[in-house]
Amino acid sequence: MSATVLRTGGAILHALSTASAAHLHAHALKLGVLPSCLHLCSALLKCYAASGRIAAARQLFDEIPLRDVPLWNALVSAYARSGHPRNALAAASAMARDVAGCRPNNVSVTSLLSVCTQLRSSVLGRELHGYAIRNVPVLDLPVLNALVNMYGKCGWLRDARMVFTGMGVGMRSAVSWTSMINACCQNGHPAEALEVFEEMRIARVKVDEVTLLAVISACTKLDCTPGLGDWVEECAVENGFLQNTHVANALIHMHGKMGRVKRSCEIFDSMGAVKTVVSWTAMIQALAMNGHGVAALVRFTQMLREGFLPDEVIFLCVINACGHSRLVSEGHRLFKSMIEEYHITPWMEHYGSMVDLLCRAGWLDEAFEFVLAMPVTPDPVIWRVLAGACRDHGNASLARRVMDHVIGMEPDHEGNYVLASNLCAADEDWRRVVDVRLDMGVRKGTSRAAAAAVSSVEVNGE
């Protein structure tokens, strides 16, 4: 292998395995090409980082005496992409102090904005935005997209909208539009997300898979009408994404949440061999949330027959399905199978679902014994579910025992006192109601308990 070939090796490194990259690295050292060939060093560093060998990437970087901006950017990006945000910030700080005069540029800022997004730090993001405006002559499109994404993820929708608006329609890419749609959706404005999507279609920007998934997510959060659901599905068909596994999974979930289980089943059955565990989970969840517990169990059995291994999420869905249909024995069997056959450690949510299953069936004593026998400490939510079930079934004595325990665990949680007061009122124990309300009044932070609840309904689109 000649030095000339090695100098063009950076262009093909992305196609090499880790072992081949290490082999090329060794040959480059023998021929004396490294560390003088900085673009090859940068390519090797990226290859090591992509394979998870961050320590090897850092060692290579430290062995290079004279570093340029692309090499520093490669190190910062390696840390950012590998989930080491603090190391990425430290590398950027060292870059700014480098005696060679290297300063962060657009590429550096893009990587660092992803770090701010990982850390959900709007403070760092704003500081970086200010630095870029002062020191980078022209902010390119990747930086602007990263800014929209960062502000959106950090909860600053107004700032995300400001950056997005400042781009101008002609400059925006599909990534720009998708970042803005996600920002609206993540900050509780799904209707605005759909408006942005409509603007994107008017601008004739090609819709990709990521954009479509963001729009489907917005519809799901919006509790959309059947007409809106059909419109989104038509968009998927128009752009050739109905057979895309991720899009199909999202549509199954969306239709299931709308109560259109038949349509969820049709999409699921049309997927054929591209089904994944996520597909089965979406289908079972759609059936479970609409009260089709037996059908959910049938789908779960089909999944096992086709060779798919269940995970924690799908067990949670199918146990919930049993709860909605009061299939107590089936839920018990599944819970036992999860632990003994598949060696899955239950989450707190699994225990909560089992308590909910027993409570829905009216097996309050069994639910209480189940909670006491849990190998982990039950969280207050589980106790509140049990207390609420005692209220609904008129078991005042057990409810009082449970609520005393819950209040002891969370003495400052206002909801506990409201529930305790309601339980006593249902039992017509008015003296106890007064005691609970007096106790609630002196607890710190319980003033919100008196706030009025608000509901909303949609009438003719309003």
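At what angle do α16 and α17 pack, and how far apart are their axes? I looked this up before anything else. The model I am reading is a predicted one.

**Entry: α16 and α17**

I find that α16 and α17 pack at an angle of about 160 degrees, and their axes are 10 Å apart. Angles over 145 degrees count as roughly antiparallel, and α16 and α17 are therefore roughly antiparallel to each other. The crossing in which α16 passes α17 is left-handed. On the α16 side I list Val261, Ser264, Cys265 and Phe268 as making the contact, and on the α17 side Ser279, Trp280, Met283, Ala286 and Leu287. Sorted by class, the contact of α16 with α17 has seven nonpolar residues, two polar and no charged.

**Entry: α15 and α16**

Next I went to the pair formed by α15 (residues 245-257) and α16 (residues 261-270). The axes of these helices come within 7 Å and cross at roughly 165 degrees. I therefore note α15 and α16 as roughly antiparallel to each other. Their crossing is left-handed. From α15, the contact is made by Ala248, Leu251, Ile252, His255 and Gly256; from α16, by Val261, Arg263, Ser264, Ile267 and Phe268. I count by class six nonpolar residues, three polar and one charged in the contact of α15 with α16.

**Entry: α17 and α19**

I then followed α17 (residues 277-289) to α19 (residues 312-324). Here the packing angle is about 15 degrees, and the axes lie 9 Å apart. Angles under 35 degrees count as roughly parallel, so α17 and α19 are roughly parallel to each other. The crossing of α17 and α19 is left-handed. Which residues meet in this pair? In α17 I find Val277, Trp280, Thr281, Ile284, Gln285 and Ala288, which meet Val313, Ile314, Cys317, Val318, Ala321 and His324 in α19.

**Entry: the largest pocket**

How much space lies in the largest pocket? I read about 240 Å³. Its lining is made by Leu89, Ala92, Ser93, Ala96, Pro104, Leu112, Cys116, Leu124, Glu127, Leu128 and Tyr131. I traced the lining to helices α6 (85-96), α7 (106-119) and α8 (122-135), each of which supplies at least two residues. By class, the lining of the largest pocket has nine nonpolar residues, one polar and one charged.

**Entry: positive phi**

Last, I checked backbone phi. Most residues other than glycine have a negative phi. Where does Arg120 lie? I place Arg120 in the loop between α7 and α8. Arg120 has a positive phi of about 50 degrees, although it is not a glycine. I also noted His343, found in the loop between α20 (328-340) and α21 (348-360). The phi of His343 is positive, about 55 degrees, and this residue is not a glycine either.

Methods:
Residues are numbered from 1 along each chain as its sequence is written. This is a predicted model: local features need pLDDT of at least 70, side-chain atom pairs count only at pLDDT 80 or more; totals for chains, interfaces and linings use all residues. Side-chain values use heavy atoms; hydrogens and water are left out. Axes are lines fitted to C-alpha atoms, for helices over the stretch in contact, and angles run from 0 to 180 degrees between N-to-C directions. Helices (H or I, at least four residues) and strands (E, at least two) are DSSP runs, numbered from the N terminus. Angles under 35 degrees count as roughly parallel, over 145 as roughly antiparallel, 65 to 115 as roughly perpendicular and the rest as oblique. A crossing is left-handed if the near helix is turned anticlockwise from the far one by less than a right angle, and right-handed if clockwise. Contact means heavy atoms within 4.5 Å. On a 1 Å grid over the protein atoms alone, a cavity is a set of points where a 1.4 Å probe fits but cannot get out, and a pocket is an open set with protein on both sides within 12 Å along at least five of seven lines; lining residues have an atom within 4 Å of a point. Grid points are joined across faces, edges and corners, and a volume is the space filled by probe spheres set on the points. Ala, Val, Leu, Ile, Met, Phe, Trp, Tyr, Cys and Pro count as nonpolar, Asp, Glu, Lys and Arg as charged, and the others, Gly among them, as polar.
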